[in-house]
Amino acid sequence: MSVRELVVLGTASQVPTRHRNHNGYLLRWDGEGILFDPGEGTQRQMLRAGVAAHDLNRICVTHFHGDHSLGLAGVIQRINLDKVPHEITAHYPRSGQRFFDRLRYATAYRETVDITQSPVSADGPLARTGTYTLDARKLSHPVESYGYRIVEPDGRRMLPERLAAHGIKGPDVGRIQREGSLGGVALDEVSEVRRGQRFAFVMDTRLCDGVYALAEGCDMLVIESTFLDEDEQLAVEHGHLTAAQAARVARDGGVRHLVLTHFSQRYTDPEEFERQARAACYEGELTVAHDLLRVPVPKRR
């Protein structure tokens, strides 16, 4: 059975706290696992969340600040220790190649797995599989940063009442799907487009074109909301978003489920992030993330 869910491994910005680990997010997408921004302590959080190295197929790093990448060393070494038998691909800003290399070989270990390096240097597609396309968009942060977007190809939904009206049943249903028409009846007459699911991951950034492009039409948007409204100027200066800004992006983009994360240690009441997001008129499903939370990707429309 296919599973599409977000496993939250850590939600702290800059430094971990007693209750929040450094960043770390695993997207389960059918049979694949995509690990985003493994900060310090991610390997232990994976253990606590029941995530194994064998579950990983891709690692996507938005940028090379420590709270988003210091866990790479441990995760990569665990992948090699467990001798993961399948290919694992790593995406990260090409400008941070020296940081990736240092983290990959931070200490001595036996390298048993060939991790494919696929650095990002421009907006556009990074990978296409049978179930999704992975794209990147540049963000606005003091160091080069990219957000990621996963788009499932559109499919078709068969309409039973129209099939019945044309007398199409049994094996003929599969035949019209394969061939596009049957006995003068076109596939479009008995089906409709089933839009593929869309997921976006947006970390450290100011508001910019890339943020809006990533969020547009998403079923789930995981986005940083480091600051609250009263500290919006700090957000701009340091290249971050507030909860209200993130919510307006989600509102304008028609996002179905908004997941807020990457919280500054200065705030002690997580409910205030939800209050300010709702005050910004976002009416979809809203989750203020906490460590070890599991969030299902919304079912197809």
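This is a predicted model: local features need pLDDT of at least 70, side-chain atom pairs count only at pLDDT 80 or more; totals for chains, interfaces and linings use all residues.
Residues count from 1 along each chain as its sequence is written. Local features need pLDDT of at least 70, side-chain atom pairs count only at pLDDT 80 or more, totals for chains, interfaces and linings use all residues, and side-chain values use heavy atoms, with hydrogens and water left out.

**The sheet.** Start by selecting the seven strands in the order E7-E8-E9-E14-E15-E16-E17: they make an open sheet with mixed pairing. Strands here are DSSP runs (E, at least two residues), helices likewise (H or I, at least four), numbered from the N terminus; two strands pair if DSSP finds at least two bridges between them. Now pick out the edges, E7 (124-128) and E17 (285-288), each pairing on one side only. From one strand to the next, the twist averages 15 degrees.

**Inside the sheet.** Next, grab E14 (198-202) and E15 (220-224), which run parallel over four bridges. Show Phe201 and you'll find it opposite Val222 in E15.

**The helices.** Helix H9 (243-253) packs on the sheet, touching E15 and E16 (257-261), with its direction about 160 degrees from that of E16. Contact means heavy atoms within 4.5 Å; axes are lines fitted to C-alpha atoms, for helices over the stretch in contact, and angles run from 0 to 180 degrees between N-to-C directions. Then select H10 (271-279), which touches E16 and E17 and makes about 150 degrees with E17.

**The cysteines.** How many disulfides (cysteine sulfur pairs within 2.5 Å) are there? The count is zero. Select Cys60: the nearest cysteine sulfur, that of Cys218, is 14 Å away. Cys60 is buried, at 0% relative accessible area (buried means under 20%, with a 1.4 Å probe and protein chains only). Cys218 is buried too, also at 0%.

How values were computed
A disulfide is a pair of cysteine sulfur atoms within 2.5 Å. Buried means under 20% relative accessible area, exposed over 50%, partly exposed in between (1.4 Å probe, protein chains only).
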